[in-house]
Amino acid sequence: MLHFAMFQPLPGFRDFFPERCAKRNHIFRLWTQTARSFNFQQYDIPTLEPLELFTQKSGEEIVGQLFNFTDKGGREVALRPELTPSLARMIGSQANSLKRPVKWFNIAENFRYEKQQKGRLRSHYQLNCDVFGEPGVGADAEVIATAVGCLQVFGLSGADFVVRLSDRNLWLHFLESQGKTGDDAMAVLGVVDKMERLPREAVIEKLEPLFGNKAESFLQQAQSLIAIRSLDELKQFFEGLELATELKQTVDERLGQWSSLLDWLEGLGVTDVLRIDLGIVRGLAYYTGFVFEVFEKGDDGQLTGRALCGGGRYDHLVKKLGYPDMPAVGFGMGDVTLTDLLESKGLLPDFIIAPEIYLVVGGDHERKIALHDAQRLRALGYSVEYPLKNQSFGKQFKLAGQSGARFALIYGEEEVKQHQVKVRDLQTGQEMPIMSVYLVDALGQFFAEGIPAHEPEGADPSKL
Ligand code: HAM
């Protein structure tokens, strides 16, 4: 026989007890506030989608991690592992009527059957901010600045994280100069994507089928490209390659776009957290241009852990779904690595989950009056609590103290008879009787300033 205690959440899934839920919601709140400050509009998508949407449009890695099954109607379906293909469908379906640029954001739970490890779970929340309909670098700069803002809003700075900016186009141009195009070029990018996490021998092993005995020299060149940290060095690197005239022109144009993107980013004040770093190519299949990932910086300045955020340009996804062409760029930022980072820096407040007001009531008659007031106060936005069964006064005061409420409202026989309520400040122990009709006004004042230390001589509480 099964015992309930045996039911744990599935591996990689989390229960959100109230304290944890409050922290999660705090993150959602600041993400939303920042996305709105950049004028992104919120949208939402279904949790369950046709399997094909992802098998065709996400990268191989994600497809291998799908939670998929056949539904009762015989449809092949999958829990969303990411939002981007669904978003591209939504945008595509209204491509001709949407006012461009379209700037949308969303916060949603994603599901990936990943090997559990630090920073990686099977269910995580992601903030996505995407801009559609603008091919120029202004849109790339906008999403990068939004991502940075979504980290700075928690008090994180360049001392804590770095945005690694890269470019799949430059990589493809470089690979073309090495005779690799099409599927071969994609296969090389697949290796580059994993390079940081693999030992050198394993990388060579993966490159050999593509480069034969030139694998070693290719890796050296790739590593010098990855080591570049400035636009000037990037220019020098490509000048050092023997490029055909047409390719050289394409590379020059691209380097011009780099320069322009860096100008935008400088204007937005985010270059101090930015690092040119071609070590990023992104594992997802749909990326087409500038790509970036954000990483945590350890105390020694080295990058640590899994990415906090990843994104880039994906200009052809909408068209690939069968809709009109629509350039796109965006990012996803996860809650798991961010929560770990904020906790480690002490930047996640401990939320006290408490009512604001606790009612202490005498008998049944007094309760009726008290409940009526509770509903009045709740309608005004106060959080109000009281015992759900008869309790002695002593017990109720104890509960009021334990609840964390700021004020207790006391409805004793005497108070009710005189149409009064006694307000007690649970922090200072101060009390003051208030005429019921003035309760709301008095509470407003008490929450702002506390109960006055002394009732003025001969003061009439009804004059409050
Ligand atoms: P992604 O790099 O797969 O990109 O995920 C973005 C972020 O989500 C990661 O940097 C990480 O913080 C978080 N994340 C991803 N998988 C997990 C996991 N298993 N556990 C915990 N956190 C995770 C995308 O998903 C793209 N669709 C983002 C995008 C939007 N690109 C353009 N627009």
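Predicted model: local features only at pLDDT ≥ 70, side-chain atom pairs only at ≥ 80, totals over all residues.
1. T84 has an N or O atom in its side chain 2.7 Å from a nitrogen atom of the ligand. On the oxygen side, R282 puts a side-chain N or O atom 2.8 Å from a ligand oxygen, while a polar backbone atom of C309 is 3.2 Å from an oxygen atom of the ligand.

2. Eight strands make up an open sheet with mixed pairing, and their order is 1-5-6-11-10-9-7-8. Strand 1 (41–42) and strand 8 (274–276) are at the edges with a single partner strand each, so one side of each has no neighbour in the sheet.

3. Look at the strand 8 end for a moment. Strand 7 (residues 161–167) pairs with strand 8 in the parallel sense, over three bridges. There you'll find R164 opposite R275 of strand 8.

4. Helix 1 (residues 18–37) lies across strands 1, 5, 6 and 11, and runs at about 165° to strand 5.

5. Finally, a helix pair. Helix 10 (residues 231–239) and helix 11 (residues 245–267) have axes that come within 11 Å and cross at roughly 175°, which means helix 10 is roughly antiparallel to helix 11. Helix 10 brings L231, L234, K235 and F238 to the contact, and helix 11 brings V251, L255, W258, S259 and L262. By type, those residues are seven nonpolar, one polar and one charged.

Terms used. Residues numbered from 1 in each chain as written. Heavy atoms only, no water. Pairing = 2+ DSSP bridges. Helix = DSSP H or I, 4+ residues; strand = E, 2+ residues; numbered from the N terminus. Contact = heavy atoms within 4.5 Å. Axes fitted to C-alpha atoms, helices over the stretch in contact; angles between N-to-C directions. Parallel < 35°, antiparallel > 145°, perpendicular 65-115°, else oblique. Nonpolar A, V, L, I, M, F, W, Y, C, P; charged D, E, K, R; others polar. Polar contact = N/O pair within 3.5 Å; in protein donor to acceptor, adjacent residues only side chain to side chain.
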